[in-house]
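Please look over the sequence and the structure shown here before reading on.

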Amino acid sequence: MSQTLTEGARKGTVDGSSTPSSKRWWILSIIGIAQLMVVLDATIVNIALPSAQADLGFSDGNRQWIVTAYSLAFASLLLLGGRIADLFGRKPAFLIGIAGFAGASVLGGASTSFGMLVTARALQGVFGALLAPAALSLLNTTFTDAKERAKAFSVYGAIAGAGGAVGLLLGGVLTDALDWRWTLFVNLVFAVVAFAGGWVLLSNHRDAANSKLDLPGTLLVSSGLFALVYGFSNAETHDWSSPLTWGFLIAGGVLLSAFAWWQTRAEHPLLPMRVLLDRNRAASFVTVLITGAGMFGVFLFLTYYLQLNLGFSPTKTGVAFLPMMAALMVMAQVSTTVLVPRIGPKVVIPAGFAIAVGGMAWLTGIGVASDFSTAVLPPLLLIGAGLGIVMPPAMSLATSGIAAEDAGVASATVNTMQQVGGSIGTALLNTLAASAATSYLAGKDATSKLVQAQATIESYTTAFWWSAGFFAAGAVIAFLLYRRGTLEADPDAVRAVHM
């Protein structure tokens, strides 16, 4: 059974031109560089935090805000950023996003106080929320041939999946060799290349120029996402029973419910329901959300284990993730260009999740003195392969067949799902890991270094088991939601190339 592009995909995509641009592979390069810059900043600063804290003198309690300020601004403004790209053009959104992100990075690298650094990180999130959906929607409207689109999204999805590991590696190298400030200054290198390429290669097109910005919807969804992410962030530093946790989570749920209600009545909705109601697209959004939540268990807790238990340096820790990145990139190509076109997502994506489950379960076998080559490397390769099978096809299917005027907001929804998933994973896994360590220490000599070390192992393995659970749930949900069969484009639906 084949799935054709929906009528909504045809609408707004036909302009009589279906000739691919000769510049499309160069455009993919600059989009990839811009996306890498945004994804890197989710993890590159993490390794540098101890050095930054020593330099600027802020407390352990304030340390989380260096990460949270970025995620709060980024997650809460993504849908607005995507709609701005649709309304005013993807080229200006892309270029302004890059320039602003670079400027905020310079401000952060030059910080002389905690407040200045937090402000810079929040500004990075603001401009990242404009840049990320513009980049993905440019990719969606540039590559229209099914085979070329698969290749393009395999590259993009590999960057999205492996970018966190690249950030750990680059952050470690820069912190060890230079200074923590270079984890922010390095963005200038990416920004200059991407800005110059975008200025030369892209031309502007406003697919939703006749629409207006949905201000009530913008206010509802931005405040709702802010409350949701802030509530989960507070779960790390406060108890789940704290009003700062459950109060904001409830407020976020109410505001997002009100947003969904308003979108069915608004004349120019920020997130048209047609974007969400396609079954494969909805399945892809959920897949990205779950992957974002589960990946946190790999990156953060394995980083802790390698550095605190096995004694790896920041640079060596980053290098340890390279095999996982390689497996992810290889399987990204295989899944998007071979497996999904031949078998379909209903089988391939659950299979990828299942492989990741096996890798996470294997990783729970680590001990205080485990050997990296036997206890960590093999499961890391499995996890990378599984995520490579899942992430790129899901991102491609989440924006496949979308009407041109909705490309920006659909792309923003993908990024929002990944960001919110990461926030949920951060809060849940941190809390569960801390509880596991506390439970292990009960009734034991907490002053013993061996007992303390084993308590950390208990916390890591608990997080890994829960990540495996996330991936297992993802396999079931993906199998139930995705349509059967392969996906074929309707030959009558001519799609335009807007750059």
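This is a predicted model: local features need pLDDT of at least 70, side-chain atom pairs count only at pLDDT 80 or more; totals for chains, interfaces and linings use all residues.

When the neighbours within four places in sequence are set aside, Pro 378 is in contact with Trp 362, Phe 372 and Ser 373. A further relation concerns Met 324, which is 54 residues away from Pro 378 along the chain, while the C-alpha atoms of the two residues are separated by 9.2 Å.

## How H16 and H17 pack

Two packed helices are described by the angle between their axes together with the distance between those axes. For helix H16, which spans residues 345-363, and helix H17, the angle is about 155° and the axes are 8 Å apart. Angles over 145 degrees count as roughly antiparallel, and H16 and H17 are therefore roughly antiparallel to each other.

The crossing in which H16 passes H17 is left-handed. Sorted by class, the residues in the contact of H16 with H17 are 20 nonpolar and five polar, with no charged residues.

## Aromatic pairs

How many aromatic pairs does the structure hold? There are eleven aromatic pairs in the structure, and one of them is formed by Trp 182 and Phe 185, whose ring centres are 5.5 Å apart and whose planes meet at 75°, so that this pair is edge-to-face. Both Trp 182 and Phe 185 belong to helix H8, residues 182-185, where they sit three residues apart, or about one turn of the helix. With a relative accessibility of 40%, Trp 182 counts as partly exposed.

Trp 261 and Trp 262 form a pair with ring centres 6.4 Å apart and planes at 45°, and the pair is therefore tilted.

## An aromatic cluster

Which residues form one aromatic cluster? The members of this cluster are Tyr 70, Phe 74 and Phe 101.

Note on methods. Residues are numbered from 1 along each chain as its sequence is written. Side-chain values use heavy atoms; hydrogens and water are left out. Contact means heavy atoms within 4.5 Å. Axes are lines fitted to C-alpha atoms, for helices over the stretch in contact, and angles run from 0 to 180 degrees between N-to-C directions. Helices (H or I, at least four residues) and strands (E, at least two) are DSSP runs, numbered from the N terminus. Angles under 35 degrees count as roughly parallel, over 145 as roughly antiparallel, 65 to 115 as roughly perpendicular and the rest as oblique. A crossing is left-handed if the near helix is turned anticlockwise from the far one by less than a right angle, and right-handed if clockwise. Ala, Val, Leu, Ile, Met, Phe, Trp, Tyr, Cys and Pro count as nonpolar, Asp, Glu, Lys and Arg as charged, and the others, Gly among them, as polar. Rings of Phe, Tyr and Trp (its six-membered ring) pair if their centres lie within 6.5 Å; planes under 30 degrees apart count as stacked, over 60 as edge-to-face and the rest as tilted. Buried means under 20% relative accessible area, exposed over 50%, partly exposed in between (1.4 Å probe, protein chains only).
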